[in-house]
Amino acid sequence: MTIFTKANLIRFAVGTICFLLLLNFLWTTDSDGSSSSSLSKLSIRRVHKYAHIHNRNDSDRSAIGSDIPAGGHKLPAAPLALSKERERELHIVGRNSNSNSTSTVIAIANFTSIPQDLLHAHPQDFANGTQTPQVTQITQNCTDPDPRDGGPITPNTTLESLDVIEAELGPLLRPGGAYQPIDCIAQYHVAIVVPFRDRYAHLSVFLRNIHPFLMKQRIAYRIFIIEQTNGKPFNRAAMMNIGYLEALKLYQWDCFIFHDVDLLPLDERNLYNCPRQPRHMSVAIDTLNFKLPYRSIFGGVSAMTRQQFQAVNGFSNSFFGWGGEDDDMSNRLKHANLFISRYPINISRYKMLKHQKEKANPKRYENLQNGIGKIEMDGINSIKYEIYSIKDFPTFTWYLAELKNSERKS
Ligand code: BGC
Ligand code: MN
């Protein structure tokens, strides 16, 4: 009598296959219990491969931020190069099922920590990820900080690596660079949308200054960095449109502040909220002698409610390269009977970080001329883009976006 009968061998083989299949299933199951499909694994590879190429291209342009005192700190080539071990596993959601959106989302991070509910918990409770948030009952609405408590500030422009800034600020924030007051109910939920490419040195200086500045304002906010892939000239306005659309997938923000990465506020009384009319915030910039260049300017830093932005169909997607896109927004606002409001010039002051002057887009005047007739067909309803990656870094939420709208048609 032998155990090596044909029937036993078949049983053994089937058992081994089942065991291997089980192992494979466990291996591909993500921490939240969902199982990755083969499509997702393929796309993750695509995302990482893409990110790798992207990083390499960026480090080729080593002049980035070289006008900023380096202080001996090694700068990351791209945000992706940072804190890799802390990155969340990407969860692929496949084609975007939202049929009225023209975007295609191929990868989305695990955003389980996003304060969809805006629980009033101490940010520290989230810091190590092991504790259950302590929910305290807060019934009091936040009030604006007393202007007498705020005044001029000097930003810290010393360059520090993002890792150090993350270590400093991360424990005070929720993942993705989100914050809300702990002792009152925030009256403004503000998405700070930063169009981005190349300026890694500016990014860390921006983050180290903007977070402490905003935390004092008793608002709930989150920083969205929208990075444009290589290939086409930079389209600041399109990145802001993408930031708007993507931010709304996370939370119904009532206020959007579009913010250049090289501008640092110089006065604490400059409140980052949305008044009844759109607000141009960066009125007095040091490099422009602290003077407003012209009345209709709407560039740099500007605030709009969700309703206002929606009413003008967002920004035009036709402005590639430097200039004009903010003037076009100014025209859109006027067309919608909205007015540009501003804080007094002694409050709305900014420092601009040094960078080389960009080459102005020669087509910007022509685009501006044609702009008014195109409001309904050129904006958030016509933008085409693909998101290659989304990650919630400790001090910001990062999107890598490829704009699909053609440059020639503009
Ligand atoms: C450009 C704007 C820019 C402004 C100030 C104008 O000529 O069209 O986009 O914001 O100059 O620099
Ligand atoms: Mn600038």
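A salt bridge is a side-chain nitrogen of Lys or Arg within 4 Å of a carboxyl oxygen of Asp or Glu. One such contact joins Glu 325 and Arg 236, whose closest N and O atoms are 2.7 Å apart. This is a predicted model, in which local features need pLDDT of at least 70 and side-chain atom pairs count only at pLDDT 80 or more, while totals for chains, interfaces and linings use all residues. Residues are numbered from 1 along each chain as its sequence is written, and side-chain values use heavy atoms, with hydrogens and water left out.

**The chain as a whole**

- The protein chain comes to 9 helices and 14 strands; these are DSSP runs numbered from the N terminus, with helices being H or I of at least four residues and strands E of at least two.
- Of the chain's 410 residues, 51% count as buried. Buried means under 20% relative accessible area, exposed means over 50%, and partly exposed lies in between (1.4 Å probe, protein chains only).
- A contact means heavy atoms within 4.5 Å. Among contacts between residues at least 6 apart in sequence, 81% join residues at least 24 apart.

**Nonpolar cores**

- A nonpolar core is a set of buried Ala, Val, Leu, Ile, Met, Phe, Trp, Tyr and Cys residues joined through side-chain atoms within 4.5 Å.
- The largest core has 42 residues, and those with the most contacts inside it are Ile 192, Leu 214, Tyr 221, Ile 223, Ile 257, Tyr 272 and Phe 396. Helix α5 (residues 200–215) supplies the largest share of this core, with 10 residues.
- Leu 214 shows how such contacts look up close: leaving aside residues up to four places away in sequence, Leu 214 touches Ile 192, Ile 219, Tyr 221, Ile 223 and Tyr 272.
- A second, separate core has 33 residues, including Met 240, Leu 250, Phe 320 and Leu 403.

**Salt bridges**

- The structure holds 14 salt bridges.
- Arg 199 and Glu 358 meet through their side chains at 2.6 Å, N to O. Arg 199 is in the loop between β5 (189–196) and α5, and Glu 358 is in the loop between β12 (349–352) and α9 (364–371), so this pair links distant parts of the chain, 159 residues apart. Arg 199 counts as buried at 18% relative accessibility, whereas Glu 358 is partly exposed at 39%.
- Arg 199, Asp 262 and Glu 358 are linked in a network of salt bridges.
- Lys 216 and Glu 268 also meet in a salt bridge, at 3.0 Å from N to O. Lys 216 lies in the loop between α5 and β6 (220–228) and Glu 268 in the loop between β8 (263–265) and β9 (279–280), so the pair ties together parts that are 52 residues apart in sequence. Lys 216 is exposed, with a relative accessible area of 52%.
- Back to the opening pair, Glu 325 and Arg 236: Glu 325 lies in helix α8 (residues 325–335) and Arg 236 in helix α6 (residues 236–250), so they tie together parts 89 residues apart in sequence. Glu 325 is buried at 7%, and Arg 236 is buried at 11%.

**Helix α6**

- Helix α6 has 15 residues and reaches 22 Å from its first C-alpha to its last, close to the 21 Å expected at 1.5 Å a residue. The expected span is 1.5 Å times one less than the number of residues.
- Of the 15 residues of α6, 12 are buried, so this helix is largely enclosed by the rest of the structure. Among them are Arg 236, Met 240, Tyr 244 and Leu 250.

**Aromatic rings**

- Rings of Phe, Tyr and Trp (its six-membered ring) pair if their centres lie within 6.5 Å; planes under 30 degrees apart count as stacked, over 60 as edge-to-face and the rest as tilted. The count by this rule is 14 aromatic pairs.
- Tyr 179 and Tyr 221 form a tilted pair, because their centres are 5.8 Å apart and their planes stand at 35 degrees. Tyr 179 is buried at 16%, and Tyr 221 is buried at 1%.
- Phe 393 and Trp 398 have ring centres 6.1 Å apart and planes at 75 degrees, so they are edge-to-face. Trp 398 is buried, with a relative accessible area of 0%.
- Tyr 244, Phe 256, Phe 258, Phe 309 and Phe 315 are joined into a cluster by ring pairs.

Definitions and conventions: Chains lettered and ligands numbered in written order.
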